[in-house]
Amino acid sequence: MSKLTPYKKLVFQNIENALSDLNAEDKGRYYICNCPECNQHEAFMYKNNKHFIQCNRENHCGSRMMLEFHEKGDMSAYEQNIEKQYPNLTTEQRLSLDWSNRVFSYAKNYFKSEPLDNGYRGLSKQVTRRFVADLQHEDIVQHVFQKAEPLLGKDYSNNSWMCKRNLIFPLYGEDNTLDRVLLRSSIDENLDPKEIQLIFNPSRETRDFFMDIPQDAENVVVSESILDALSFREVDENVGIIALTGATKTRQVKEYMAEHKEQFAGKHLLVAMDDDHAGWKATRDIVNTIEEARIGEDWVAFDYASGTKDANENLRQNRKEFAKTYDQISTHTKGKERGMNVEYEP
């Protein structure tokens, strides 16, 4: 008789932390969660057996794991697990990073948000909720800054300009650990600059781009910001997205795409940087890598409507036309061979 492979074990303080960390969605008799192995939102956990989780992607992952819970009276296994995740951080930093990760995950799933639930920047609740947390009030943001001070090396909790930045875009590394966050404000949308980035994992070079590519995605958009990338999700719920955190930050994206070409095999790439000088330079930079490394099936640069310079602006001004252009370009791309010419502004 063949020997059964033992289940992997995941250690949490309690079931509430597990549901938060795994991005659990209540489906009645069970939860749909992020698979800790493949990171796809396709694992399930039955409510009558919360010590077991299994990935539903049997032909691609199918991992099965046991959950262990250690309350405050028995924290040794929990602390050892955190130490393995973040070996180069101090104990204080590890606890701070773990706390921040759980708070952002919980806020994304359970905090009410008037801006996100009512079409923030033309984006639906279904699209934003997986990527954005709304901390809602300045005092909550202040508390987060107090807890995160060991990671940030600076106390922002008494800075009202920072504490108004209630919208949190967590950015995760390849091992699904929190790397950095982008902060914006719906409390005061006139704050300048509109977006601030903070590194939350000072132990290594942190990832500086967002990525979410469904297994069966036909198209993958490479865009200049997360809001632009999510604009494409509004018109194609299955499109893969790679979002930079600025036009000059192309190095890590290029390295990742070249090193993981298999992820893009058979997929059609749409390069959608801003229609300005920095965006044109970023487009050239990324396209050169796509061509040199022969990444994906083919590629095309996205063409915005007249008077708009990025995808989110295009979506908000004329959603119907934006969707039509996306459909036409993605269909046109599939009929082309590699090496299509794209004319750039001088």
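**Note on the predicted model: contacts, cores and backbone features**

1. The side chain of K108 reaches the backbone oxygen of R130 at 3.4 Å, a polar contact, that is, a pair of N or O atoms within 3.5 Å in which, within protein, one must be able to donate a hydrogen and the other to accept it, residues adjacent in sequence counting only if both atoms are side-chain atoms. K108 is found in helix 3 (residues 91–110); helices (H or I, at least four residues) and strands (E, at least two) are DSSP runs, numbered from the N terminus. With 7% relative accessibility, K108 counts as buried, where buried means under 20% relative accessible area, exposed over 50%, and partly exposed in between (1.4 Å probe, protein chains only). Not counting residues up to four places away in sequence, K108 touches R129, R130, F131, V132, A133 and Y172; contact means heavy atoms within 4.5 Å.

2. Residues are numbered from 1 along each chain as its sequence is written, and side-chain values use heavy atoms, with hydrogens and water left out.

3. Confidence is expressed as pLDDT, the predictor's confidence in each residue, from 0 to 100. The chain averages a pLDDT of 87, and 91% of the residues score at least 70. Over residues 1–5 pLDDT stays under 50, and the model has zero contacts beyond four places in sequence for them. Residues 340–346 also stay under 50, but for these the model has 13 contacts beyond four places in sequence.

4. The largest nonpolar core has 30 residues, of which F169, I226, F232 and F302 touch the most other members. Such a core is a set of buried Ala, Val, Leu, Ile, Met, Phe, Trp, Tyr and Cys residues joined through side-chain atoms within 4.5 Å. At least two residues of this core come from each of strand 8 (167–172), helix 8 (226–235), strand 13 (240–244), strand 14 (268–272), helix 11 (311–317) and helix 12 (319–334). Helix 8 gives the most, with five residues. Leaving aside neighbours within four places in sequence, I226 is in contact with F131, F169, F210, I241, A243 and L244. Another core, of 26 residues, lies apart from the largest one and includes F104, V141, A148 and Y172.

5. Rings of Phe, Tyr and Trp (its six-membered ring) pair if their centres lie within 6.5 Å; planes under 30 degrees apart count as stacked, over 60 as edge-to-face and the rest as tilted. By this rule the count comes to 11 aromatic pairs. The ring centres of F302 and F322 are 5.6 Å apart and the planes stand at 65 degrees, so the pair is edge-to-face. F302 lies in the loop between strand 15 and helix 11 and F322 in helix 12, so the pair ties together parts that are 20 residues apart in sequence. Both F302 and F322 are buried. Ring pairs link F232, F302, Y304, F322 and Y326 into a cluster.

6. Two charge placements over rings may be noted, the criterion being NZ of Lys or CZ of Arg within 6 Å of the ring centre and within 35 degrees of the ring normal. The charged end of K147 sits over the ring of W99, 5.2 Å from its centre. R165 lies over the face of W161, at 4.5 Å from the ring centre.

7. Which residues does a cis peptide bond join? The bond lies between D192 and P193, with omega about 0 degrees. P193 is found in the loop between strand 9 (178–184) and strand 10 (196–199).

8. Positive phi in non-glycine residues deserves a check. N23 has phi near 55 degrees and is placed in the loop between helix 1 (15–21) and strand 2 (25–26). R294 has a positive phi of about 55 degrees and is found in the loop between helix 10 and strand 15 (298–301). N23 is buried, at a relative accessible area of 8%, whereas R294 is exposed, at 55%.

Conventions. Predicted model: local features only at pLDDT ≥ 70, side-chain atom pairs only at ≥ 80, totals over all residues.
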